[in-house]
Every structure is written in C-alpha cells, then in structure tokens.
Amino acid sequence: MFAAENGLKGDPRLEAISDAIRVIPHFPKPGIMFQDITPLFLNHKVFKDTVDIFVERYRDMAISVVAGIEARGFMFAPCIALAIGAKFVPLRKRGKLPGKVISEAYELEYGKDCLEMHVGAVQQGEKAVVIDDLVATGGTISAAIKLLECVGAEVVECACVIGVPELIKAENRLNGKALYMLVEPNEVQGCC
Amino acid sequence: MNALSQPPPLKISEAKIVSSLRISVFTKPDFFTPNTAPPSRSDPLIYSRFTGGATVPERRRMSGAAMATSNVDATDDRIARIASTIRVIPDFPKPGILFQDITTLLLDPKAFKDTIDLFVERYKDKNINVIAGIEARGFIFGPPIALAIGAKFVPMRKPKKLPGEVISEEYSLEYGTDIMEMHVGAVQPGENAVIVDDLIATGGTLNAAISLLGRVGVTVVECACVIELKELKGREKLGDNPLFVLVSET
C-alpha cells in the first residue's frame, strides 16, 4: 500500500522524497531505469522526513526488530530502529555475516542469490519489520520474510521507499504480508 | 602564487579535533571524555601549531589536565557496555583472523544508541557538512550520525555499485588491490567531512576514502570508528589525519 493512500494523502514530504530520487537509465544494464536514492541523503530535511514517516508508523506497534537488507536497506533501517528502540538486524549476502547464520535462497532474473541472518539475532515471538530502499519483484524481501518467520518472528509489515506495485502484484511473492511504500518509481524526464 | 602552495584551510579545524582526539581515544576509562570541547580558534596554541610553535603533545598534556576534572562516569558506563556487546569470531573470514563482530552491538538498542550518541556529541555543532560511510558497515553507523548532526550522508562504495558518474580510488589490499567509488557531485569543495566505518584495521580503506574526498576539495576533519585494532597500526597509516575510536582492541 502506498503511504498516500494510507493516511498521508497530500503530505508534502512525499513529493519532496519523490523529487529527491534520480533515475539513471540503463543501469546496471540496458533497459533498466535505476531508481537512485543517494540524492535523498544529500538533503537533510528529506532524509529526516523519510525516516520520520516510517518511525511515525511503527513506533507504537511494539516492534522489537527492524531488519534491513544489504546494502541500501542499511542506510534507512538503523535510523528507524534507533528511533523506535528496536534492535537492528542486518540481512546480508552470502558469506558476509561471521558466525552461525541461516540462509534463504531467492531467484534473480538470471540465477539465484542468497540472504543470510545471524542465528540468535531474533527470538521467537518478536515483531519485526523489514526495510529496503526499493521493492520490485519482491524476491529479496520474500527471502527476508522467510528468514524471520523461520525463527518464529512475526513480520508485521515490510516497508520501502520506492515500490513497483505492478511487479509486486504480478510476482505475488510477499505471501500476504503488507508492503508499505512511500513513492512510485520516477520516470526519466525527456528522451534518453 | 600557486594555489597548491597555500596552507590548506583545514589546518585550524584539524588542530581543534586532534587535541580532543587524543583525550578521547579509549585506552583507559579515566582518560576518555568525548565531551571535552575542542579549543576555540582564539586559543594561542592552535595558532602556534599553525605557525610551527607549540606541538600537539603539549596540547595533549594541557588537555589531559583540563579533562581530569570533567565528568567521565557517564561516558565510562557507555563505553564499557558498548565494548561488552562486541563479539569476537575466530578464523573469520579466514584462519588466524579474530573478527570483531558489531552485529551484536546492534542487537542492544541502548548500546547502539550510546554508540551513535558518542559520535554525535563529538561532531554536533562543529560545522561538519558530510558524513561519509564506507560500505557496508559504515552504512549502519553513518546515516544515524548524519541525521542527528544535520549533515548529508555520502556512501563510499565498492566498484560498480553506484549508478551514474563516479570518481574512483584504487587502493592496496594484503594481496592485490580494490577500488572505492563516490558519486560525482555528492560533495562540494570546501565542505568538512567525517568518514565513518565500524572498524579500522590497517587503515587502507580509510586512506582511500580520505584520498577520494581530498581529490574533490573536501576537508576530512576526522575518521571515526567504533573499533581500532591497534596492532595493525592503522592510526599510523592515516598519518596526520585524525582518528577517533570508541573501543581499542590490542
């Protein structure tokens, strides 16, 4: 669901967030219109507003775990965790987390990848949210949901700055979990 | 006169931070006080350093005396708690390495908040425009610090991760080289930056980040890490560039 349809209709913060995202055509390969969130972090007010919107939503939901997906999820999730007093749990690519981990494979357009979480980071019964910068097919986030559910946590919601609703719906990988999105992808201005 | 031969404007702010830096390195609890205010610009010792007069060690001694009267207790508890949450994983990523794992720190909301607070207390109101965070664990600590002090956050990434125009810096590893990249236009000449990472080992990665920022005219005021591995002498590798850490592991 989009924030604008969920209590934030007309919220000027959302427009500023959308304006802060730049589109890089043909990255990482031809045909992909990459949604680059790095300019968002160059504008302190927009960055703060982005975090505030998530914090306002989750602060009274008894969330004890904010999981962030490597690497762009790391730029948002810890800020949210700190503000709501939850722990931050990094979900990482294969081989990055030291010590005991659990793994979940997921499909890419070509091939597979793997997401890992530390054993013992999350306890049974904890309420969690999963954060990433962008959700398209939902492959990565569905792996994240599985990892958390595997250890008995309740994934209350997933959240991202940019959501591609057509792809999310088509792929249907979220297994009924709600996804809270701030903005849609931007189009490239003009011709390229 | 060639612009390059002028003394870089950063010297004054470097002197400010270096003096409080020495106090703040966590070697013994009673010498740690990140809340010590850096000396003001009117302090004659800064200008003497600038003109080649009083040296940094003198500054350190003077600041040590001033610091003995400051309140270190609250800070002590915070540092002790932070240090206690870091776990060591032997033989990762390869045999012989004792890996300092900060993920357990992140599972303790108070320790994580204290970690950020200690950096924020140091850098707030010091005219820091940029927090540069090194992929990937620098992305965990950098943004909360940037948010709290009103600075922008700039990710320093592995090659081919940043879309659009980048500048690159190649640096040496134990075997071979790696590349660090930053977006063109993310930072402006004259801005003041602090580079953040979870840990300093040999200092190679931090040095690459310092170079990248320096090449576009940014002043690197300090590097800030949660952990320093003293044996690997990263601090020496940074040379004149100040380093601030919370926990020093030997």
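**Charged side chains in chains A and B**

I begin with a pair in chain B: B:Lys110 and B:Asp114 form a salt bridge through their side chains, with an N to O distance of 2.7 Å. Please bear in mind throughout that this is a predicted model. Both B:Lys110 and B:Asp114 belong to helix α6 of chain B, which covers residues 109–123, and they stand four residues apart, about one turn of the helix. B:Asp114, by contrast, is buried, because its relative accessibility of 6% falls under the 20% limit.

In general terms, side chains of opposite charge can pair when their charged atoms come close.

Helix α6 of chain B also holds B:Asp117 and B:Lys113, four residues apart and thus separated by about one helical turn. These two residues are joined by a salt bridge as well, and their closest N and O atoms lie 2.8 Å apart. B:Lys113 is partly exposed, at a relative accessible area of 44%. B:Asp117 is likewise partly exposed, with a value of 21%.

I turn next to a salt bridge between the side chains of B:Asp178 and B:Lys158, at 3.9 Å from N to O. Which parts of chain B does this pair tie together? B:Asp178 lies in strand β6, residues 177–183, whereas B:Lys158 lies in the loop between β4 (152–156) and β5 (166–172), so the pair links parts that are 20 residues apart in sequence. B:Asp178 counts as buried at 18% relative accessibility, while B:Lys158 is partly exposed at 33%.

In chain A, salt bridges with shared partners connect A:Asp11, A:Arg13 and A:Glu56 into one network. Over all chains, the structure holds 24 salt bridges.

Let me now move to the surface of chain A. There, A:Glu5, A:Glu166, A:Glu184 and A:Glu187 gather in a patch of negative charge. One of them, A:Glu5, is placed in the segment before α1 (12–20) of chain A. Is A:Glu5 buried or exposed? A:Glu5 counts as exposed, because its relative accessibility of 62% is over the 50% limit.

Finally, I come to the record. An unreviewed UniProt entry annotates residues 46–169 of chain A as "domain: Phosphoribosyltransferase".

Terms used. Residues numbered from 1 in each chain as written. Chains lettered and ligands numbered in written order. Predicted model: local features only at pLDDT ≥ 70, side-chain atom pairs only at ≥ 80, totals over all residues. Heavy atoms only, no water. Patch = residues over 30% accessible without salt bridge, like charges linked within 9 Å, V, L, I, M, F, W, Y side chains within 5 Å. Areas by Shrake-Rupley, 256 points an atom, 1.4 Å probe, with all protein chains shown as cover. Salt bridge = Lys/Arg side-chain N within 4 Å of Asp/Glu carboxyl O. Lys, Arg positive; Asp, Glu negative; His and termini not counted. Charge placed at Lys NZ, Arg CZ, Asp CG, Glu CD. Helix = DSSP H or I, 4+ residues; strand = E, 2+ residues; numbered from the N terminus. Buried < 20%, exposed > 50% of the residue type's maximum accessible area, 1.4 Å probe, protein only. UniProt positions renumbered as here; feature names shortened; annotations may be inferred.
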